[in-house]
Amino acid sequence: MTLAVEELDWSQTEVPAPRHIAIIMDGNGRWAAERGLPRAEGHRQGVDSVRRTVKAALELGITHLTLFSFSSENWSRPRQEIHDLFGLMRRFVRRDLADLHKNGVRIRVIGTRSGLDDDILRLIDDAVLLTKDNSALNLTIAFNYGARDEIARAAARVAEAVAEGTLDASDITPERFGSYLDTADLPDPDLLIRTSGERRLSNFLLWQLAYSEFVFVDTYWPDFSRETLEAAIAEYQQRTRRFGGLKARSTA
Ligand code: IPE
Ligand code: IPE
Ligand code: MG
């Protein structure tokens, strides 16, 4: 028996997989501490999780993946740890860029350039340029990123445009404002995942997550796997997104 469309209720229709998944990769330090290892080893294992997650996203047909890798607040960590994290970022780009490119991954980096060494900026620019025409997976790395900083930088650019006369203050809508953010050409995340049991945003994508579904998992980031990702997607597919209305919708 086939049901007429109007007889179907949402619970019987298939909720589409999320188009854009954002992840706060947390718990590297605790993963290491539980094993009596230095925090740096947790971060190293965390890079393997990034590789696994990118591969899984490609296989699952997720088109947008955004990963929080270094926050503007992480500068308050010990210098050695910051050094280790930056070293891993360098190595990741050097070792994985060719493979990512071959697999059709387009890399974007969001956050501020200020405070970053020239060689890291060059690596980032090279990765973005090399992969700019790819479209299988849009991989965005939030590096030296803080949402309040992003919003303040956007506001400053909006103010400049108004002062120059290229933008009318009365034309500043949420859509227009969004086009000044680092994520200008990206859809909002459908699903936010945070690992390690913490339940906070830690200054991640405050604007863009306005209507995202949040899934918090206890798994530490180095243990994150394709199975963890699939379980989070399954939980997302149980949710009913209404965007303020009464009916279920899959996007805003
Ligand atoms: C996430 O793991 C990586 C970064 C924030 C750079 P943490 O380093 O925050 O690990 P925990 O939270 O101390 O376990
Ligand atoms: C958030 O994790 C930042 C990243 C995952 C890069 P933190 O570990 O820095 O967050 P807090 O300090 O516990 O809020
Ligand atoms: Mg943490």
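Biologist: How many helices and strands does the secondary structure of the protein chain come to?

Modeller: This is a predicted model, and its protein chain has 7 helices and 6 strands. Read from the N terminus, their order is β-α-α-β-α-β-α-β-α-α-β-β-α.

Biologist: How do you know that the radius of gyration agrees with a compact globule?

Modeller: A compact globule of 252 residues would come out near 18 Å, and the protein chain has 19 Å, so the two agree. Along the principal axes, the C-alpha atoms fill a box of roughly 60 × 55 × 35 Å.

Biologist: Why is Asp96 called buried?

Modeller: The cut-off for buried is under 20% relative accessible area. Asp96 has 11%, so Asp96 is buried. Asp96 sits in helix H3, residues 79-102.

Biologist: What makes the pair Asp96 and Arg51 a polar contact?

Modeller: The limit for N or O atoms is 3.5 Å. The side chains of Asp96 and Arg51 are joined at 2.7 Å, so the pair is within that limit. Beyond four places in sequence, Asp96 is in contact with Arg51 and Arg91.

Biologist: Which residues have the most contacts inside the largest nonpolar core?

Modeller: They are Ile21, Ile23, Leu65, Phe143 and Ile193, in a core of 44 residues. H3 gives the largest share of this core, 9 residues. A second, separate core has 11 residues, including Ile24 and Phe68. In soluble globular proteins, nonpolar side chains tend to be buried together.

How values were computed:
Residues numbered from 1 in each chain as written. Chains lettered and ligands numbered in written order. Predicted model: local features only at pLDDT ≥ 70, side-chain atom pairs only at ≥ 80, totals over all residues. Heavy atoms only, no water. Helix = DSSP H or I, 4+ residues; strand = E, 2+ residues; numbered from the N terminus. Buried < 20%, exposed > 50% of the residue type's maximum accessible area, 1.4 Å probe, protein only. Polar contact = N/O pair within 3.5 Å; in protein donor to acceptor, adjacent residues only side chain to side chain. Contact = heavy atoms within 4.5 Å. Core = buried A, V, L, I, M, F, W, Y, C linked by side-chain atoms within 4.5 Å. Rg over C-alpha atoms; globule rule 2.2 N^0.38 Å.
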